[in-house]
Amino acid sequence: MPDSAETAAAPLIEVRGVTVRYDIARTGTSLTAVEGVDLDIAEGEFVTVLGPSGCGKTTVMNVIAGLVKPTEGSVTVDGRTVTGPGPDRAVVFQDYALLPWRSVFDNVRFGLEMQQSLNSGDWRERVQNAIELVGLAGFEQSYPRELSGGMQQRVGLARAIVAEPRILLMDEPLGAVDALTREVMRDEIEKLITATGKTVIFITHSIEEAILLGDRIVVFKSHPGAILEEITVDLPRPRSERGAQSDPRYLELRDHLWDVLQNEATAASRGGKGS
Amino acid sequence: MSSLFAAPSGLRAQRGVAGFIAGLSPRGRALLIVTEVVLLLLLWQFLVGTLGLVNAVFFPPPLDVAQGFVELVQQGTLAQNAAVSVQSWLTGFAIAVAIGVPLGLLMGSSVPVDRVFGPIAWTLYAAPAVAYQPLTKAWFGFGTGPVIFLIVISAIFPIMLNLAAGIRTTSPSLIRAARVYGGSRMDVYRKILLPAAVPFLFAGLRQGAVLATIGMVVAELTGSSVGMGAVIIRSANTYNTDQSFAAIMLIVIWSVSMTQLVGLVERWLAPWNRRKGAAS
Amino acid sequence: MARALEPQEGGRLVTATMPLKIVRPSRSAARGSGEGRWRLLLAAVVLAILLVWEAAVSWLQLVPAVFLPPPTAVAASFVELVVRPDFWSAFGYSLGNLAIGVVLAVVIGVVVGLAVGWFPVLRFTVAPFLWLLYSTPKVALAPLIILILGLGAASQIALVLLLAVFPIMLNTMEGALTVNKSLVNAGRVFGANGIALGVKVLLPGTLPFSLVGIQRGAALGFTGQVLGEFLGGAGGLGHLLERAAFDFQMDDAIAMVIVMVIIANLTLTVIGLLRKRFAPWHDDRATVKAG
Ligand SMILES: Nc1ncnc2c1ncn2[C@@H]1O[C@H](COP(=O)(O)OP(=O)(O)OP(=O)(O)O)[C@@H](O)[C@H]1O
Ligand SMILES: [Mg+2]
């Protein structure tokens with residue numbers, strides 16, 4: 001990251017006035033998933049995203065990934081407008097989205113094979129390195145259905161980092177993983193990301209996860225989805241849950257986020273019933 | 001009836017015979033089934049063959065059926081007619097695959113084709129293939145033409161419709177993953193949609209194999225002078241029901257072998273998708 | 001979700017006769033506004049096919065009309081057919097036999113299916129046989145049934161019963177097994193017992209499975225009825241059809257086939273509606289995914 005100081009001036013990702021409306025064909029109406037989202041993310045920043053269910057977090061991430069075209073507004077990455085998926089952005093999906101007919105090795109290779117020529121020599125090594133980095137050495141030939149949820153998500157992570165993208169988009173990557181594995185993987189992700197200096201957007205439903213991982217927390221509201229609040233987390237790294245428990249700033253942050261989300265949830269349910 | 005509702009087995013450890021069987025290894029269970037079959041055959045032989053409880057013409061006992069089999073072999077009837085049936089079956093099934101697979105791919109990947117062709121296919125598939133039989137007899141005469149036609153008509157729809165459904169129901173998140181990692185439309189088709197549809201294709205083939213056999217038997221029973229179906233009709237009409245039963249047994253063996261074969265090919269081509277349970 | 005689309009996943013809601021069922025992509029997945037457009041296109045394509053057919057036979061005379069009468073001739077025959085009294089008596093005869101056979105199959109299939117699904121002893125000893133019988137081409141027994149029961153309604157009903165009973169039986173069995181495992185536990189937790197357990201949990205839990213089986217069974221039963229008439233020709237629709245084809249009245253024959261296609265589709269639709277009415281919660285896709 002020698003040039004991070006220079007690029008810090010201009011943000012790597014600029015989300016400008018993004019509004020997404022889905023057409024609901026059944027009723028012939030349209031639904032505004034998110035409205036007027038503005039967000040700047042600097043190179044090397046780890047941004048966590050919190051918000052009630054259905055507030056449009058995934059939608060915004062899909063717009064950045066290039067999977068969804070915004071109805072209004074635009075996203076630029078490194079100054080170039082996003083028109084589709086690109087090799088600079090990789091996604092870790094909540095439901096893993098591994099190909100069941102491929103072994104772990106071939107699933108990780110999938111992150112490489114369609115954007116870079118495989119006969120460029122060292123691809124085997126890179127795949128192998130990514131697998132080792134997520135701690136799955138020895139499982140190269142296993143099929144996804146033979147792995148636990150946590151292991152499957154590690155494959156998803158290896159697939160995302162194998163092509164060395166600048167930006168990692170993670171949509172509740174630990175959502176389907178049990179509590180213990182979740183904690184272990186959270187710490188591993190922190191280590192991995194700080195070691196490689198990637199820019200990360202990380203969606204989660206867990207307040208603790210958001211604080212422990214994020215340099216900055218973006219809180220969404222719903223009806224329609226929009227950014228409610230942005231909070232910079234100035235806790236020292238590496239952060240561990242146990243260490244943080246005794247840090248008054250961590251507790252303060254946690255209580256604040258708790259209140260904000262609580263308010264938002266009750267407001268949303270009242271608003272939802274009213275309309 | 002009340003005892004039916006009384007003791008749900010899931011609630012407690014199974015006792016008695018059921019508990020014993022549940023504890024058996026797969027091989028032990030297979031052995032149990034084989035024992036049951038042997039006992040049933042013995043009982044049948046005893047009741048019909050020895051005691052003469054039922055007219056042996058209607059339910060020829062196992063030994064008579066074996067005798068009938070030997071007769072069929074010795075007369076040369078079997079070799080000749082089985083060859084005709086197997087040839088019709090393989091030809092018909094091959095044609096069904098050759099037409100059904102491309103059509104299924106087309107239906108699965110093109111919305112207009114699916115919307116227009118789908119309802120027509122479903123409508124034809126709902127009607128029993130046997131209804132088309134008299135037409136084909138009038139069109140193709142009394143040879144193997146109508147037999148092959150009926151096999152094709154019976155097998156083609158499950159192959160086509162399953163394959164189309166497989167492509168159409170591929171998880172959108174797999175498609176998204178392919179796009180994120182730089183997949184073109186062609187990549188999505190080749191690397192996601194096709195492999196994802198493989199299990200559906202094989203489900204269709206298995207189903208098609210069963211229906212093809214039914215179609216073959218129906219066609220041969222109702223309008224053919226050769227083939228295993230014709231053997232059954234002829235021997236039944238002359239009260240040689242032992243020969244009919246022998247022929248039926250062979251058809252059953254053929255049908256089961258073909259579905260097993262499809263399963264084997266699937267396990268070989270799609271090892272990631274090992275099936276649990278043996279039901280075909 | 002990715003794995004949910006593999007049709008062979010074990011342990012989920014499995015319908016016994018799965019290999020004989022296909023996922024029909026649900027309508028709601030389609031774009032609603034486009035639906036009308038597709039229907040129009042479908043009608044246009046069908047019309048075009050009929051036009052080409054008519055042109056090939058009547059105008060260009062590429063095919064002799066004796067072999068393949070043009071759609072107009074078939075339509076004329078169809079209209080003639082539905083005012084003929086002997087058509088309606090044949091119709092009544094065939095559908096009457098079919099109904100009796102299917103009702104018998106439902107009674108036997110549901111009772112046996114429930115019993116085998118419920119009692120572990122039967123499940124381990126009898127169920128494998130039922131599976132074996134299910135997957136064998138039982139149509140081959142038709143000549144023997146006619147030999148035993150003679151030409152006429154009895155052998156046709158028996159054939160309908162024989163073909164229809166297995167899908168019903170095995171689906172019911174599979175349904176009872178599913179209920180057995182999870183729902184009964186839940187029912188007990190909420191205090192249902194004995195008959196109440198049966199009425200509130202077992203029956204509704206099994207019903208969707210049985211209805212899937214009945215739908216399949218009715219289709220197979222129709223095959224049985226028609227085959228029975230072909231082989232042992234008393235007066236029924238199949239008999240009428242065979243005679244028309246034998247006399248080379250191809251317009252009549254094709255009209256008869258169309259009648260059968262309509263009957264088959266109507267039967268399936270009616271049972272499909274019953275399934276929607278009595279088991280709207282049953283996710284058809286869930287059953288198909290599993291097998
Ligand atoms: N393809 C789509 N078509 C129509 N509506 C959609 C579509 N995708 C999302 N929506 C709607 O947009 C809104 C936002 O969805 P989104 O998936 O972005 O929410 P989310 O914040 O990621 O929720 P969760 O936390 O539950 O994952 C929801 O109301 C959802 O119903
Ligand atoms: Mg989401």
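**Figure 1. Ala90(A) stands opposite Leu168(A), a residue of strand 7 of chain A.** Strand 7 covers residues 167-171 and runs parallel to strand 6 of chain A, with 4 bridges joining the two. Two strands count as paired if DSSP finds at least two bridges between them. Strand 6 takes in residues 89-92: Arg89(A) and Val91(A) point one way, while Ala90(A) and Val92(A) point the other way. In a regular strand, side chains alternate between the two faces of the sheet. Strands are DSSP runs of E with at least two residues, helices are runs of H or I with at least four residues, and both are numbered from the N terminus.

A word on the model before the next views: it is predicted, so local features need pLDDT of at least 70 and side-chain atom pairs count only at pLDDT 80 or more, while totals for chains, interfaces and linings use all residues. Residues are numbered from 1 along each chain as its sequence is written, chains are lettered from A and ligands numbered from 1 in the order in which they are written, and side-chain values use heavy atoms, leaving out hydrogens and water.

**Figure 2. In chain A, 4 strands form an open sheet in the order 2-1-4-5.** The pairing in this sheet is antiparallel. Strand 2 and strand 5 (80-81) are the edge strands, each pairing on one side only. Follow strand 1 along strand 2 and you will find 9 bridges in the antiparallel sense. Tyr22(A) has its bridge partner in strand 2 of chain A, namely Leu31(A).

**Figure 3. The shell around ligand 1 holds 13 residues.** A residue belongs here if one of its heavy atoms lies within 4 Å of the ligand. The closest are Ser53(A), Gly54(A), Lys57(A), Thr58(A) and Thr59(A). Strand 1 (13-24), strand 2 (29-41) and helix 2 (57-65) of chain A each supply at least two residues of the shell, and helix 2 gives the largest share, 3 residues. By class, the shell has 5 nonpolar, 6 polar and 2 charged residues; Ala, Val, Leu, Ile, Met, Phe, Trp, Tyr, Cys and Pro count as nonpolar, Asp, Glu, Lys and Arg as charged, and the others, Gly among them, as polar.

**Figure 4. Side chains of Ser53(A), Thr58(A) and Tyr22(A) meet ligand 1.** An N or O atom in the side chain of Ser53(A) is 2.5 Å from an oxygen atom of the ligand. A polar side-chain atom of Thr58(A) also lies 2.5 Å from a ligand oxygen atom. For Tyr22(A), the ligand atom is a nitrogen, 3.5 Å from an N or O atom in the side chain. On its own, ligand 1 has 630 Å² of accessible area (Shrake-Rupley method, 1.4 Å probe), and the protein covers 62% of that.

**Figure 5. Thr48(A) sits in strand 3 (residues 46-50) of chain A.** Thr48(A) counts as buried because its relative accessibility is 0%. A polar atom of the Thr48(A) side chain lies 3.1 Å from the backbone oxygen of Ala210(A). Leaving aside residues up to four places away in sequence, Thr48(A) touches several residues, including Phe202(A), Glu209(A), Leu213(A) and Ile217(A); a contact means heavy atoms within 4.5 Å.

Notes. A polar contact is a pair of N or O atoms within 3.5 Å; within protein, one must be able to donate a hydrogen and the other to accept it, and residues adjacent in sequence count only if both atoms are side-chain atoms. Buried means under 20% relative accessible area, exposed over 50%, partly exposed in between (1.4 Å probe, protein chains only).
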